[in-house]
Amino acid sequence: MTDAFQPRSDFLRVMQERGYIHQCSDLAGLDDKAHSGKLAAYIGFDCTAPSLHVGSLVQIMMLHWLQQTGGKPVALMGGGTTMVGDPSGKDESRKLLTVEAIENNKAGIRKAFAHFIRFGEGEHDAIMPDNADWLAKLNYIDFLREVGRHFSVNRMLAMDSVKLRLDREHELTFLEFNYMCLQAYDFTELYKRHGVTLQMGGSDQWGNIVTGLDLGRRMGLPQFYALTSPLITTASGAKMGKTAAGAVWLDPAMLSPYDYWQFWRNTEDSDVGRFLKLFTLMPLDEIWRLEALGGAEINEAKKALANAATTLLHGAEAAEAAAETARKTFEEGALADSLPTVEAPGAEFDSGIGALTAFVRAGLVASTGEARRQIRGGGLRINDEVLIDEKAVITREALQAGGVVKLSLGRKKHVLLRAV
């Protein structure tokens with residue numbers, strides 16, 4: 001989107017100002033539609049895990065701002081498309097899940113959305129349909145005749161999701177090849193059922209989304225629009241939401257509010273302003289003030305980011321508790337009871353728990369091999385003392401008040417190992 005474009009609609013103005021736009025099929029047309037107050041837009045979320053992670057947060061925030069600016073958000077659950085698997089960005093087929101697993105994942109994913117968008121029966125209230133409602137009922141022959149005839153295999157082979165897999169000589173199954181057809185069909189069904197004319201998504205979904213635009217045109221439907229967000233990476237080039245310990249989940253049962261707060265607190269200096277715009281509701285004037293801070297003052301901006309992002313997902317009380325835990329741990333050097341805690345049978349301390357195993361169990365590292373690499377770099381600590389022996393064990397002698405051992409990765413990630 002060019003800076004020269006001056007949107008009339010509040011929706012595109014917010015999208016432009018806060019950095020959500022990567023590509024758009026028709027800026028002027030979409031702006032007119034949004035300005036009319038009749039814009040309904042959807043983003044699809046496949047049910048591949050029991051929770052979404054931070055990598056999906058940009059899209060969720062786009063739905064939030066759509067609703068705040070007078071549009072109707074549609075969070076489409078991919079109960080049907082998950083049975084097929086999206087090949088985009090993958091060198092091999094995704095694992096096929098059972099219907100039961102998909103349903104369980106869908107139930108977990110639903111929880112996060114209530115913190116960002118308002119559901120209900122009103123004109124601008126969000127809805128959460130499931131594409132299994134229509135995809136699972138399709139008659140294959142009818143689908144081929146009525147919908148499949150509109151797809152060009154030539155164009156499908158040129159799509160990045162297909163082309164990259166073929167160029168690398170990695171197998172692409174016929175099942176996966178159908179994914180873009182089903183996603184395009186979702187767009188037409190959502191228009192017929194809910195008046196949806198805009199599909200949004202990450203930049204890796206551009207090919208799939210414009211295929212839906214083309215299908216709508218060929219089926220004689222009104223104009224559809226596509227809007228994608230940029231791929232979010234950190235200043236150092238890392239993929240957003242990935243850490244040494246794994247994904248940054250939105251479900252507090254999979255990642256504690258404290259660890260979520262710490263993820264944002266550890267943002268690289270040059271990313272703070274951008275992340276404040278994308279992942280918080282903070283006014284732009286305040287964001288500009290914070291991102292202008294230099295030197296040690298940038299830490300205040302990072303804390304503001306952590307507080308705002310955590311409040312949005314987990315609530316103000318959880319954010320305040322996380323901030324206070326961090327203050328006690330880092331500024332006072334105290335052993336905060338509210339640090340993430342992992343329990344271990346007391347009998348294991350009698351014989352000694354291998355230090356490498358303890359760090360894996362605590363979720364601070366993904367494997368014992370990674371623990372060894374961290375030890376060689378001086379990155380692991382037990383009760384604030386640098387761990388230098390890969391064969392070290394943790395015994396009862398290491399237990400502090402409350403029967404806990406403090407395990408640390410670097411200076412900012414801590415977990416208590418508690419004897420029970």
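1. T188 lies in helix α10, which spans residues 179-194; helices here are DSSP runs of H or I with at least four residues, strands are runs of E with at least two, and both are numbered from the N terminus. This is a predicted model, in which local features need pLDDT of at least 70 and side-chain atom pairs count only at pLDDT 80 or more, whereas totals for chains, interfaces and linings use all residues. Residues are numbered from 1 along each chain as its sequence is written, and side-chain values use heavy atoms, with hydrogens and water left out.

2. T188 is buried, its relative accessible area being 0% (buried means under 20%, exposed over 50% and partly exposed in between, with a 1.4 Å probe and protein chains only). The side chain of T188 reaches the backbone oxygen of Y185 at 2.7 Å. Once neighbours within four places in sequence are set aside, T188 is in contact with L215, G216, M219, L221 and F224, contact meaning heavy atoms within 4.5 Å.

3. L30, in helix α2 (residues 27-35), is likewise a buried residue, with a relative accessible area of 0%. Not counting residues up to four places away in sequence, L30 touches L12, C24, L39, L198, Y225 and L227. The buried residues of α2 are L27, G29, L30, D31 and A34, and what covers them includes α1 (10-18), β1 (23-24), β4 (198-202) and β5 (225-229). Just after α2, G37 takes a positive phi of about 80 degrees.

4. How do the axes of α13 and α15 cross? The axes of α13 (residues 272-279) and α15 (residues 298-314) come within 10 Å and cross at roughly 20 degrees, where axes are lines fitted to C-alpha atoms, for helices over the stretch in contact, and angles run from 0 to 180 degrees between N-to-C directions. The two helices are therefore roughly parallel to each other, a term for angles under 35 degrees.

5. In the contact between these helices, V272, F275, L276 and F279 of α13 meet I298, A301, K302, L305, A309 and L312 of α15. The residues of this contact divide into nine nonpolar, no polar and one charged, with Ala, Val, Leu, Ile, Met, Phe, Trp, Tyr, Cys and Pro counted as nonpolar, Asp, Glu, Lys and Arg as charged, and the others, Gly among them, as polar.

Definitions and conventions
Angles under 35 degrees count as roughly parallel, over 145 as roughly antiparallel, 65 to 115 as roughly perpendicular and the rest as oblique. A polar contact is a pair of N or O atoms within 3.5 Å; within protein, one must be able to donate a hydrogen and the other to accept it, and residues adjacent in sequence count only if both atoms are side-chain atoms.
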